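Below are my notes on this model, point by point. Please read them with the structure open.

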Amino acid sequence: LLPQTWSPGRVAAWNGKAMADVAADAADAVIAAATGAPADAVPAAIADGATPSLRGAAGGRFAAMSKLYNRAKLAKLSSYSWNIFRYIGDYLHLFGVFALLATLAKNRSCTGISRSTQIMYFLVFVTRYLDLLDHSQTAYLVFFKITYIVTSIIVLVVFYQLDATYERQKDTCSLFAILAPCCIGALILAESYSPMEVLWSFSQFCEGFAMVPQYVFCYRDRTAKDVGVTFYVLSMGAYRCFYAANWIYKKVQMPHYSDIQSWLGGMIEILFFADYLLSFTGLSLLRSMVLKVDEKINEIKEKVEMKVLGSSSSSAKATQDGAELRQRRKVEEEPVDI
C-alpha cells in the first residue's frame with residue numbers, strides 16, 4: 001500500500017518507522033487492557049518496570065491488534081499519497097508530452113526544441129522506472145511509466161529522422177556538465193548502494209536539470225513564437241509545481257515522510273521554471289547568468305578538445321555547415337538544361 005513511486009530503500013526505511021510506531025502503540029493498548037491502566041500511562045509504567053510480560057491471551061491480542069493497526073495505518077498513508085495535487089501534476093506532465101509530439105508532427109521539424117532535454121528525460125525514465133521489472137504495480141502507474149518511456153524513445157527517433165532541422169547552434173547546454181553532478185549527488189544521497197536505489201536517486205537529480213537545456217535554448221531563441229513549444233515548456237514546469245504541492249501535503253499529513261532527492265530536484269527545477277516565467281516580463285534573474293555559465297563551459301570544452309583531438313566539435317560543425325551551404329549554392333547556380 002505504500003506509494004509505488006518510492007525507491008526500494010525509502011520503502012524499507014518507511015516500513016521500519018511504521019512498524020516501530022505500530023508495535024509501540026499496539027503494545028501500549030494491549031498492556032493497558034491487561035492492567036486496567038490508561039493507555040497514556042503505559043509508557044511511564046514501562047519506564048518504572050511495573051508492566052507484566054506479554055504472554056498467553058495478551059500476546060495473542062497484541063499480535064492481532066498489531067496486524068489490524070498496521071493495515072489501517074498503511075492504508076491511511078497510501079490515501080495521502082494519492083491526492084489532487086499529484087493527479088493534476090501527472091496529467092499536466094502527460095499533456096506536455098503529447099503537446100511535444102503534436103508540435104513535432106505539425107511542424108515536421110525539430111525547430112525550437114532542445115535535443116539535450118529529450119536525452120535527459122529519456123535517462124530519467126529508464127533509470128527511474130526499472131521497478132516495472134521488479135514488482136507488480138497498479139494499472140495507473142504502469143500506464144504512465146510505459147507511456148513516458150515509449151514517448152521519449154519516439155521523440156529521439158524523430159530527432160534522428162529530422163536531424164537536418166535540428167538547431168544545434170541554439171542547443172548549446174553541455175550534458176556532461178549536468179550529468180556529472182547528478183551522478184555525484186546520487187552516490188552521496190542514495191539510501192543504499194544497490195543499483196536500483198542509486199539509479200533512482202540519479203533520476204531525481206537528473207530531472208531537476210532536465211529542462212535547463214530547453215530554457216537555454218529558449219533564451220537564445222528570443223524571436224521564437226511557436227505555441228506548441230510554449231505549451232510544452234509551461235506544462236512541464238507546472239507539473240513539477242503541483243508535485244511540490246503534493247510533497248508539502250504529504251509532509252503535513254505524514255510527519256515521518258522524507259524524500260530528500262525528490263525535494264532537491266524539484267526545488268531546482270521550480271527555480272529555473274520561475275525564472276523562465278519572469279523572462280517574459282524582462283525581469284529574469286538567471287537568464288544572463290545561465291547563458292554566461294553555458295558559454296564558459298563550451299569554451300572550456302573547446303579548449304580541451306583542441307588539446308586532446310587537435311580540433312573542436314564546433315569548428316568541425318561550422319566547416320561542415322559551410323560545405324553544405326556552398327554545395328546548395330552551387331546546385332542553385334547550375335543552369336537548367338531545358
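Is Ser 203 buried or exposed?

1. The model is predicted. In it, Ser 203 sits in helix H8, which spans residues 195-210. Ser 203 is buried because its relative accessible area is 0%, against a cut-off of under 20% for that label.

2. Setting aside residues up to four places away in sequence, Ser 203 touches Val 124, Thr 127 and Arg 128. Met 120 is 83 residues from Ser 203 in sequence, yet the two C-alpha atoms are 9.2 Å apart.

3. Helix H7 has 15 residues, and its first and last C-alpha atoms are 21 Å apart, close to the 21 Å expected at 1.5 Å a residue. Its buried residues are Ile 178, Leu 179, Cys 182, Gly 185 and Ala 186. These lie on the same side of H7, because the arc they cover around the axis is only 125°. An α-helix has 3.6 residues a turn, so residues three or four places apart point the same way.

4. What covers the buried residues of H7 includes H5, H8 and H9. On the face turned away from the buried side, H7 carries the exposed residues Phe 176, Ile 184 and Ile 188. A colleague checking this helix may wish to view both faces.

5. Helix H6, residues 139-161, has 23 residues and reaches 33 Å from first C-alpha to last, close to the 33 Å expected at 1.5 Å a residue. Its buried residues include Leu 141, Phe 144, Tyr 148, Ile 149, Val 155, Val 158 and Phe 159. Lys 145, Thr 147, Thr 151 and Ser 152 of H6 are buried too. Helix H4 (84-107) and helix H5 (115-128) are among what covers the buried residues of H6.

6. Which residues touch the most other members of the largest nonpolar core? They are Tyr 215 and Val 233, in a core of 43 residues. The elements giving two or more residues to this core are H4, H5, H6, H7, H8, H9, H10 and H11. H6 gives the most, with six residues.

7. Apart from this core lies another, of seven residues, including Ala 244, Trp 247, Met 254 and Tyr 257.

8. On Tyr 215 itself: leaving aside neighbours within four places in sequence, Tyr 215 is in contact with Val 233, Phe 272, Phe 273 and Tyr 276.

Notes: Residues numbered from 1 in each chain as written. Predicted model: local features only at pLDDT ≥ 70, side-chain atom pairs only at ≥ 80, totals over all residues. Heavy atoms only, no water. Helix = DSSP H or I, 4+ residues; strand = E, 2+ residues; numbered from the N terminus. Expected span 1.5 Å × (residues − 1). Buried < 20%, exposed > 50% of the residue type's maximum accessible area, 1.4 Å probe, protein only. Contact = heavy atoms within 4.5 Å. Core = buried A, V, L, I, M, F, W, Y, C linked by side-chain atoms within 4.5 Å. Arc of directions from axis to C-beta.
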